[in-house]
Amino acid sequence: MTADNSVAILREPGTGLGLIDVFQRRHLLALLVRKEVQIRYRGSVLGWMWSYVKPLVQFAVFFVALGLFLGLNSSIGFYPIYLLSGFTAVTFFSEAFQNGTRSIVDNSALIKKIYLPRELFPVSSMLVATVNTIPQIIVVWVLAIIFGWSFSPLAVGAILLGVIIIAILSTGLGLLFGAINVAFRDAQSFVEIIIMCAMWASPVMYQWSMVAQHLGPVWFTVYRLNPLTPAVELFHYGFWLDLNPTSGEPLPDLWLFSLIALLTALTALVAGQLVFRKLEGRFAQEL
Amino acid sequence: MPKNSDSAPVIVVDDVHKDFKLRHTHSIKETFLAAIRRKPLTTDFHALDGISFEIAAGDAVALLGFNGSGKSTLLKLISGVIRPDRGRILTRGRIAGLIEVGAGFHPDLSGRENVYLNAAILGMSKKETQARFDEIVAFSEIEPFIDTEVKHYSSGMFLRLAFAVAIHTELDILLIDEILSVGDEPFQQKCLARIREMHAEGKTLVVVSHDLDMVSTLCSRGVLLRGGQVAFDGPSKEAVALMRA
């Protein structure tokens with residue numbers, strides 16, 4: 001029996017609808033994500049524990065250096081929760097963005113031989129990072145409960161919105177830099193620098209009020225326009241502010257800037273997709 | 001099922017040109033330095049230079065030509081992996097390529113997981129894969145090892161499984177590039193038989209191979225490429241004779 005090709009129409013191979021095609025091939029996307037999750041730590045004794053060891057060690061180092069030596073632990077209430085929730089947000093961003101940037105080059109064997117919607121790879125990198133982040137969020141959440149966190153729809157909504165902003169932003173940037181990385185491997189190193197800056201240009205280690213003190217109102221607005229700033233603050237809002245910490249105040253205009261961050265992330269997604277489509281015709285030749 | 005070879009074409013290749021720019025630089029620094037020294041950044045290579053033909057549903061067509069004549073480039077264009085610079089290619093229905101079998105296999109996954117992953121890569125849904133899973137494993141003849149990680153397979157076992165997946169996908173057009181050079185003689189015969197069976201079911205075949213005797217019996221039509229152009233298009237036996245001349 002032949003497949004029903006009386007209804008099929010003549011079309012150009014190798015052209016598709018980009019991200020829309022990705023969601024039409026959810027089955028393949030799910031298998032790709034599962035594969036990555038499965039093989040990631042295969043052959044290591046601690047396995048998945050490694051994805052917690054790194055952020056926890058980082059956390060411990062910063063906690064000792066900033067919290068104890070620089071005294072933030074006494075000026076910011078529940079500093080461990082503050083630090084850990086912000087860390088979870090930027091770790092999610094950095095993993096999704098970094099792996100998305102490498103995803104096209106890493107999957108060159110497939111891309112050179114079979115036509116697939118290539119957006120699959122940056123999207124699956126983001127989903128793998130999400131899978132990795134969920135248990136970290138649970139760890140922060142459990143710790144927050146121990147310190148007296150109580151459920152509120154607004155807190156949970158804030159965390160979800162933060163996750164959504166980072167997911168969309170990192171997918172867009174992953175598409176953009178993943179496509180550029182095919183021709184210029186410099187993109188990978190450039191992205192590492194962006195991530196390092198992003199980590200310090202958002203209130204993860206310190207509080208936004210310190211920034212507001214040192215920068216004028218104009219630069220403080222610019223600071224808040226960095227989409228990661230409201231995303232991190234949404235995590236703080238959900239996990240940390242709920243505990244009524246000393247010196248705990250939400251970022252001024254948090255919701256407005258969260259909305260702007262969401263729009264920025266969507267813009268990055270559209271721009272990433274456009275550049276990706278422009279460059280993808282040459283992927284198979286250049287890899 | 002009877003096939004009408006006069007029916008509408010399933011593959012249209014219309015004045016297709018493909019140049020390869022061989023890029024000499026791979027970082028911004030290198031590009032910058034080369035630009036300053038006025039060295040050429042790229043060199044052009046004309047792989048395909050105005051190719052046109054049509055393939056009707058149910059045809060079996062051999063693409064013939066010596067190394068560098070553009071056969072594999074043409075096959076990649078039909079599969080959609082690369083796109084033409086000028087002209088256009090149109091296809092109808094589902095296409096699957098036996099191009100470098102096993103490209104999507106991951107050594108750390110079991111045979112079973114790889115079957116599902118690769119079937120999905122080749123465009124199969126979960127249901128279609130489940131329905132054909134037993135058939136695929138039976139064809140590969142490696143049942144006892146299906147839950148073993150693929151990295152422990154011998155190269156023969158690996159090829160058998162990869163081939164079995166590719167050849168059981170739901171498709172209308174099958175693209176074959178030098179696949180029958182793999183596996184041992186009995187397995188090659190089995191694959192060839194399966195390909196003939198698919199052709200008998202009305203699937204369209206496009207074959208690239210250096211095994212001229214095999215392709216001239218498998219395919220009725222031959223398209224001979226020379227220097228990126230069609231040198232001959234007609235019965236495969238004549239095309240092979242012309243090529244050997």
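A residue is called buried here if 20 or more other C-beta atoms lie within 10 Å of its own, exposed if 12 or fewer do, and partly exposed in between, with C-beta atoms placed from the backbone. By this count A:A179, with 26 C-beta neighbours inside 10 Å, is buried. The model is predicted: local features need pLDDT of at least 70, side-chain atom pairs count only at pLDDT 80 or more, and totals for chains, interfaces and linings use all residues. Residues are numbered from 1 along each chain as its sequence is written, while chains are lettered from A and ligands numbered from 1 in the order in which they are written.

Leaving aside residues up to four places away in sequence, A:A179 touches A:I104, A:V275, A:F276, A:L279 and A:E280, where two residues are in contact if their C-beta atoms, placed from the backbone, lie within 7 Å.

Chain A as a whole comes next. Its secondary structure comprises 14 helices and zero strands. The C-alpha atoms of chain A fill a box of roughly 70 × 50 × 40 Å along the principal axes. A compact globule of 287 residues would have a radius of gyration near 19 Å, and the 21 Å of chain A agrees with this; the radius is taken over C-alpha atoms, and the globule rule is 2.2 Å times the number of residues to the power 0.38. Of the 287 residues in chain A, 46% are buried. Among contacts in chain A between residues at least 6 apart in sequence, 84% join residues at least 24 apart.

One helix pair in chain A can be described in detail. The axes of helix 12 (residues 228-240) and helix 13 (residues 254-280) of chain A come within 9 Å and cross at roughly 130 degrees. Axes are lines fitted to C-alpha atoms, for helices over the stretch in contact, and angles run from 0 to 180 degrees between N-to-C directions. Helix 12 and helix 13 of chain A are therefore oblique to each other, given that angles under 35 degrees count as roughly parallel, over 145 as roughly antiparallel, 65 to 115 as roughly perpendicular and the rest as oblique. Helix 12 of chain A contributes A:P230, A:A231, A:E233, A:L234 and A:Y237 to the contact, and helix 13 of chain A contributes A:L254, A:F257, A:S258 and A:A261. By class, these residues are seven nonpolar, one polar and one charged; Ala, Val, Leu, Ile, Met, Phe, Trp, Tyr, Cys and Pro count as nonpolar, Asp, Glu, Lys and Arg as charged, and the others, Gly among them, as polar. The loop between helix 12 and helix 13 of chain A holds A:D253, which has a positive phi of about 55 degrees although it is not a glycine. With 13 other C-beta atoms within 10 Å, A:D253 is partly exposed.

Chain B has eight helices and nine strands. Its C-alpha trace spans about 60 × 50 × 35 Å along the principal axes, and buried residues make up 44% of its 245 residues. For contacts in chain B with a separation of 6 or more, residues 24 or more positions apart account for 72%. Helix 2 of chain B is largely enclosed by the rest of the structure, because eight of its nine residues are buried; among them are B:L74, B:L75, B:L77 and B:I78. Just after helix 2 of chain B, B:G80 takes a positive phi of about 95 degrees.

The two chains meet through 42 residues of chain B and 31 residues of chain A. Elements giving two or more residues to the chain B side include helix 2 (71-79) and helix 3 (111-121). That side divides into 18 nonpolar, eleven polar and 13 charged residues. The contact joins A:H27, A:L28, A:L31 and A:K35 to B:Y116, B:L117, B:A120 and B:I121, with six nonpolar, one polar and one charged residues.

Definitions and conventions. Helices (H or I, at least four residues) and strands (E, at least two) are DSSP runs, numbered from the N terminus.
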